Amino acid sequence: MEENMEKTCPRCGMKLGEFRKTGLLGCAGCYCAFREEILPTVRRVQGRIRHEGKAPPEGAGQNYSLMLEQALLKENIERALREGRFSEAESKRALLKETNRILHGEDGK
Ligand SMILES: [Zn+2]
């Protein structure tokens with residue numbers, strides 16, 4: 001798949017190429033701007049959480065992946081609510097809670 005590394009966030013001016021290099025988003029708008037490019041990462045994280053039911057191992061990029069996932073989930077929840085798909089919103093909320101737990105280290109003992 002080819003990527004346009006010159007693709008730029010309209011809000012903060014960060015380029016996709018920079019994101020690929022650093023793994024860090026410049027602002028919330030980056031998520032929308034690079035949505036297509038970062039979705040595969042997000043999906044991978046989601047799948048891992050669902051299948052193993054626990055936090056992925058510590059490692060570089062974990063937090064940013066989870067933060068992307070949270071942004072995606074929030075968006076999905078809002079859309080599901082708007083369109084009256086409440087059970088979908090509910091299951092996405094559970095996932096969101098899971099990512100919060102991992103991000104903030106409230107993973108129990
Ligand atoms: Zn940005």
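**The pocket**

I began with the lining of the largest pocket, where α4 gives the largest share, four residues. Before going on, a reminder to myself: this is a predicted model, in which local features need pLDDT of at least 70 and side-chain atom pairs count only at pLDDT 80 or more, while totals for chains, interfaces and linings use all residues. Residues are numbered from 1 along each chain as its sequence is written, and side-chain values use heavy atoms, with hydrogens and water left out.

My helix names follow DSSP runs (H or I, at least four residues), numbered from the N terminus. A pocket, on a 1 Å grid over the protein atoms alone, is an open set of points where a 1.4 Å probe fits, with protein on both sides within 12 Å along at least five of seven lines; lining residues have an atom within 4 Å of a point.

I noted a volume of about 170 Å³ for the largest pocket, meaning the space filled by probe spheres set on the points. Its lining residues include Tyr 31, Tyr 64, Met 67 and Leu 68.

**The cores**

Next I looked up the largest nonpolar core and found twelve residues, among them Phe 19, Tyr 31, Phe 34 and Leu 72. Such a core is a set of buried Ala, Val, Leu, Ile, Met, Phe, Trp, Tyr and Cys residues joined through side-chain atoms within 4.5 Å; buried means under 20% relative accessible area (1.4 Å probe, protein chains only). Here α1 (16-22), α2 (28-33) and α4 (62-82) each give two or more residues, and α2 has the largest share, three residues. I also found another core apart from this one, with six residues, including Leu 73 and Leu 96.

Last, I checked Gln 70, which sits in α4 and is buried at 9% relative accessible area. Beyond residues up to four places away in sequence, Gln 70 touches Leu 96, Thr 99, Asn 100 and Leu 103, a contact being heavy atoms within 4.5 Å.

Note on methods. Buried means under 20% relative accessible area, exposed over 50%, partly exposed in between (1.4 Å probe, protein chains only).
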